[in-house]
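User: Hello! I am new to this structure and would like to get to know it through a few questions. Could you walk me through them?

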Amino acid sequence: MLEAIATETLLTESVLYKTDFYAWTQEQAELLQLGKLNALDIENLVEEIQSLGKQQKQELRNRLGVLIGHLLKWQYQPEFRSKSWRVTIREQRRRIKEHLLENPSLKSYLNQAISEAFQDGIDLVLKETPLDERDLPEECPYTTEQIFDSAFPLGIEAVSQL
């Protein structure tokens, strides 16, 4: 009898997960708070928790892609350097550092994230400038230290102007 009730509850949870995700999240949170672990929709909870982790990695890659793209634009188009580019570089550095402080285990993923984000940075440059792929490096030309160095490549004068 209890097994039948548990199975029915799980089926209801799966339906709610598919039809009203917000309601499902609220119900799962309430079940956790009440300690009703047997009533949890474990399969979908696992999927959602894994998805949250993937989102954190994706945010790091996205921000690195924007940062690397602007570093490349700054390096390869010095005649078009602007306050907007400086501010974007500064903002992305700050937000990446904050993200890593909030998610310190992502530091072990940083080198891979830079490598993966490099192509996004190239795509940004190709989309926003007249440069061609042959004008740009094949691999990320920046070290991790340079990527996070507030004086690179802007120079002290540019940083103090911000």
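Predicted model: local features only at pLDDT ≥ 70, side-chain atom pairs only at ≥ 80, totals over all residues.

User: Is Glu139 buried or exposed?

Analyst: Residues count as exposed when their relative accessible area is over 50%. Glu139 has a relative accessible area of 63%, so Glu139 is exposed.

User: Which residues gather with Glu139 in a patch on the surface, and what is the charge of that patch?

Analyst: Asp and Glu count as negative. The patch brings Glu139 together with Asp120, Asp123, Glu133 and Glu138, and its charge is negative.

User: How many salt bridges does the structure hold?

Analyst: Side chains of opposite charge can pair when their charged atoms come close. One of these pairs is Arg134 with Asp132, at 3.2 Å from N to O. In total, the number of salt bridges in the structure is 6.

User: Which residue meets Glu128 in a salt bridge?

Analyst: The N to O distance in this bridge is 2.5 Å, and the partner of Glu128 is Lys73. The pair links distant parts of the chain, 55 residues apart, with Glu128 in helix α5 and its partner in helix α3 (residues 42–76), namely Lys73.

User: Is Lys73 buried or exposed?

Analyst: A residue is buried when its relative accessible area is under 20%. Glu128 has 45% and is partly exposed. Lys73 has a relative accessible area of 3%, so Lys73 is buried.

User: Where do Arg95 and Glu91 lie?

Analyst: The side chains of Arg95 and Glu91 meet in a salt bridge of 3.2 Å, N to O. Arg95 is partly exposed at 33% relative accessibility, and Glu91 is partly exposed at 24%. The two are 4 residues apart, about one turn of the helix, and both lie in helix α4 (residues 83–102).

User: What is the relative accessible area of Arg134?

Analyst: Arg134 and Asp132 meet through their side chains in a salt bridge. Asp132 counts as partly exposed at 33% relative accessibility. Arg134 is exposed, and its relative accessible area is 72%.

User: Which peptide bond is cis?

Analyst: Most peptide bonds are trans. Pro153, found in the loop between α6 and α7 (155–161), takes part in a cis bond. Omega is near -15° there, and the bond runs from Phe152 to Pro153.

How values were computed:
Residues numbered from 1 in each chain as written. Heavy atoms only, no water. Patch = residues over 30% accessible without salt bridge, like charges linked within 9 Å, V, L, I, M, F, W, Y side chains within 5 Å. Areas by Shrake-Rupley, 256 points an atom, 1.4 Å probe, with all protein chains shown as cover. Salt bridge = Lys/Arg side-chain N within 4 Å of Asp/Glu carboxyl O. Charge placed at Lys NZ, Arg CZ, Asp CG, Glu CD. Buried < 20%, exposed > 50% of the residue type's maximum accessible area, 1.4 Å probe, protein only.
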